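Please have the sequence and the model in view while reading.

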Amino acid sequence: MKNIFNSIHSVEVLKRIDQLTPNAQPQWGKMNVAQMLAHCSAFQDIAMGNSFPPRGWLGIIVGRFAKPILYNDKTLPRNMSTIPTILIADVRDFEREKEQLKQKIILFQNNGPEKCTTHPHPFFGKLTSEQWGIGVYKHLDHHLTQFGV
């Protein structure tokens, strides 16, 4: 399975991000491309331990049972609900968001699994660094596929 901590997989993701254009249209969902980049960047902040959204009651009850969705070999479902604090609805600058996300991916990959957050995911709960690495890759792949790259 692909893992963002593997440099081959992180380089692949960075190249795909570079293929995005400001006018890219989503194949599903409501976010535009700049909002998607900001959303992925906010998810990176959670995985890096820079942001700590609270766990909702639904995640506390069913999150551990749904957790394999984040790190199994299946793609994430389209129009899956998201963490409310990283739902981006305001206007964002494409180039700024693109560069910010790329820098966070590079930093996350360079820091390695040992610097991954130990704080629970707001929905799925406690994850190992390997689960975070796979989940981050899957999340990025999901949204890059959403925009055709």
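In this predicted model, tryptophan 132 has a relative accessibility of 0% and therefore counts as buried, the cut-off being under 20%. Phenylalanine 43 is likewise buried, with a relative accessible area of 4%. A search of the whole structure finds three aromatic pairs, and one of them joins these two residues: the ring centres of phenylalanine 43 and tryptophan 132 lie 6.2 Å apart with their planes at 50 degrees, so the pair is tilted. Because phenylalanine 43 belongs to helix α2 and tryptophan 132 to helix α6, the pair ties together parts that are 89 residues apart in sequence.

| Residue | Helix | Relative accessible area |
|---|---|---|
| Phenylalanine 43 | α2 | 4% |
| Tryptophan 132 | α6 | 0% |

Helix α5 itself runs over residues 94-111, and its 18 residues reach 26 Å from the first C-alpha to the last, close to the 26 Å expected at 1.5 Å a residue.

Which residues of α5 are buried? They are Phe94, Glu97, Lys98, Leu101, Lys102, Lys104, Ile105, Phe108 and Gln109. Seen down the axis of α5, these buried residues fall within an arc of 160 degrees, so they line one face of the helix. On the other side of α5, Arg96 and Asn110 are exposed. Just after α5, glycine 112 adopts a positive phi of about 80 degrees.

Terms used: Residues are numbered from 1 along each chain as its sequence is written. This is a predicted model: local features need pLDDT of at least 70, side-chain atom pairs count only at pLDDT 80 or more; totals for chains, interfaces and linings use all residues. Side-chain values use heavy atoms; hydrogens and water are left out. Helices (H or I, at least four residues) and strands (E, at least two) are DSSP runs, numbered from the N terminus. The expected span of a helix is 1.5 Å times one less than its number of residues. Buried means under 20% relative accessible area, exposed over 50%, partly exposed in between (1.4 Å probe, protein chains only). The arc is that of the directions from the helix axis to the C-beta atoms. Rings of Phe, Tyr and Trp (its six-membered ring) pair if their centres lie within 6.5 Å; planes under 30 degrees apart count as stacked, over 60 as edge-to-face and the rest as tilted.
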